[in-house]
Amino acid sequence: MSQKAPIRVLVTGAAGQIAYSLVNFIAKGDVFGTDQPLDLILLDIKLMMEVLGGVVMELKDCALPLLREIVATDDYEVAFKDIDVAFLVGAMPRKQGMERKDLLTANVTIFKGQGQALDKYAKKNVKVIVVGNPANTNALICSKYAPSIPKENFTAMTRLDQNRAMAQIAERLDCNVNDVNKVIIWGNHSATQYPDVRFATAVKNGATMIQKRGAAVIAARKLSSAMSAAKASCDHIKDWWFGTGDRWVSMAVPSDGSYGIKEGLVYSFPVICTGGDERKYKIVQGLKIDDFSRSKMDLSAKELEEEREMALSVCKD
Ligand code: NAX
């Protein structure tokens with residue numbers, strides 16, 4: 001039996017599709033190690049509490065030795081209290097006829113509230129991954145309303161895009177996905193993202209189809225890519241928690257001005273995570289940016305600036 005003290009891990013949108021895979025990955029030790037006990041806090045909206053009850057039953061029936069307490073709630077104070085890690089998966093989905101601005105507005109309200117709850121209740125060294133879309137801008141808003149928590153603790157997920165790129169490259173080259181490294185996703189988790197394989201090792205030919213992969217999964221499965229998104233969010237937090245060694249991983253993080261990207265935008269960069277007690281990450285520096293890459297990177301940055309402007313315009317305070 002493990003001697004480690006349990007950590008508290010929050011998953012929002014816990015009655016949804018992604019969470020259905022994610023909670024199992026987390027609870028069986030895939031993210032924090034098979035010697036790390038944990039409490040799992042599951043947040044969703046009131047309307048989904050019955051569904052969430054079913055997820056709790058199944059989690060219990062998995063008989064997972066690392067899983068201590070399971071809390072299912074729609075109350076922010078209960079959900080965010082003393083958490084070490086937050087997987088912010090829940091978001092307002094885009095409904096038919098909804099404009100981008102409407103979607104942003106609805107999500108600003110959610111992520112403002114969750115930022116405030118993090119600020120008030122969570123541990124000050126909490127690590128946050130935002131999965132719910134528009135993920136980069138949701139992370140930015142969340143951080144804005146949690147001023148007592150370091151900005152760099154707020155990240156958004158572009159790891160699914162990186163994993164998709166690596167898998168497609170490995171398939172083409174007929175090699176193992178572990179043999180592919182240094183694939184970069186720059187920018188926003190949206191169609192303007194720039195998958196950059198110029199530095200990738202084990203690559204002969206660069207073109208990939210990353211931006212449209214989500215749509216292809218929906219067309220085939222009639223449901224969105226939930227299992228691979230759950231796996232990618234686990235990869236993101238596991239690498240942040242334990243470190244990457246010299247592997248590069250893509251994370252959307254608050255820009256420090258690297259590569260000419262405006263400070264504060266939550267932008268996907270190649271990073272190296274140092275692990276250890278501090279669990280820091282560093283943006284990989286010194287990469288040569290050619291004209292083509294520059295134009296792609298700027299396009300995604302421009303989109304994020306527009307999103308930021310739109311989101312901030314609905315923040316009343
Ligand atoms: P689902 O619609 O299946 O589940 C979302 C859940 O969130 C629902 O149970 C809903 O009740 C809940 N929710 C809504 N508002 C909430 C709030 N204020 N607090 C707590 N829970 C709330 O969606 P799912 O397929 O699980 O996807 C979740 C999010 O991930 C979506 O926004 C989706 O667009 C986004 N994705 C992001 C990806 C990325 O790479 N960053 C890839 C996968 C995915 O598309």
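This is a predicted model: local features need pLDDT of at least 70, side-chain atom pairs count only at pLDDT 80 or more; totals for chains, interfaces and linings use all residues.
Residues are numbered from 1 along each chain as its sequence is written, and side-chain values use heavy atoms, with hydrogens and water left out.

The protein chain is assigned domain 1 (7-156) and domain 2 (159-313), the bounds coming from an automatic or database domain assignment. The centres of domain 1 and domain 2, taken over C-alpha atoms, are separated by 21 Å. To the contact (heavy atoms within 4.5 Å), domain 1 contributes 34 residues and domain 2 contributes 39 residues.

Between domain 1 and domain 2, about 2900 Å² is buried, with 69% of this area given by carbon and sulfur atoms; buried area is the accessible area (1.4 Å probe) that two parts lose on being put together, summed over both. The interface of domain 1 and domain 2 holds eight residue pairs in polar contact, both residues at pLDDT 80 or more. A polar contact is a pair of N or O atoms within 3.5 Å; within protein, one must be able to donate a hydrogen and the other to accept it, and residues adjacent in sequence count only if both atoms are side-chain atoms. Zero salt bridges are counted between domain 1 and domain 2, a salt bridge being a side-chain nitrogen of Lys or Arg within 4 Å of a carboxyl oxygen of Asp or Glu.

In the whole structure, 14 salt bridges are found. One of them joins the side chains of Arg8 and Glu69 at 3.7 Å, N to O. Arg8 belongs to strand 1 (residues 7-12) and Glu69 to strand 3 (residues 67-73), so that the pair links distant parts of the chain, 61 residues apart; helices (H or I, at least four residues) and strands (E, at least two) are DSSP runs, numbered from the N terminus.

The ligand is surrounded by 23 residues, the closest being Gln17, Ile18, Asp44, Val131 and Asn133; a residue is near a molecule or strand if one of its heavy atoms lies within 4 Å of it. An N or O atom in the side chain of Asp44 is 2.6 Å from an oxygen atom of the ligand.

Two backbone features are recorded in loops. The peptide bond from Asn133 to Pro134 is cis, with omega near -5°, and Pro134 is located in the loop between strand 5 and helix 5. Tyr259, a residue other than glycine, has a positive phi near 55° and is placed in the loop between strand 9 (249-254) and strand 10 (266-275). Most residues other than glycine have a negative phi, and most peptide bonds are trans.
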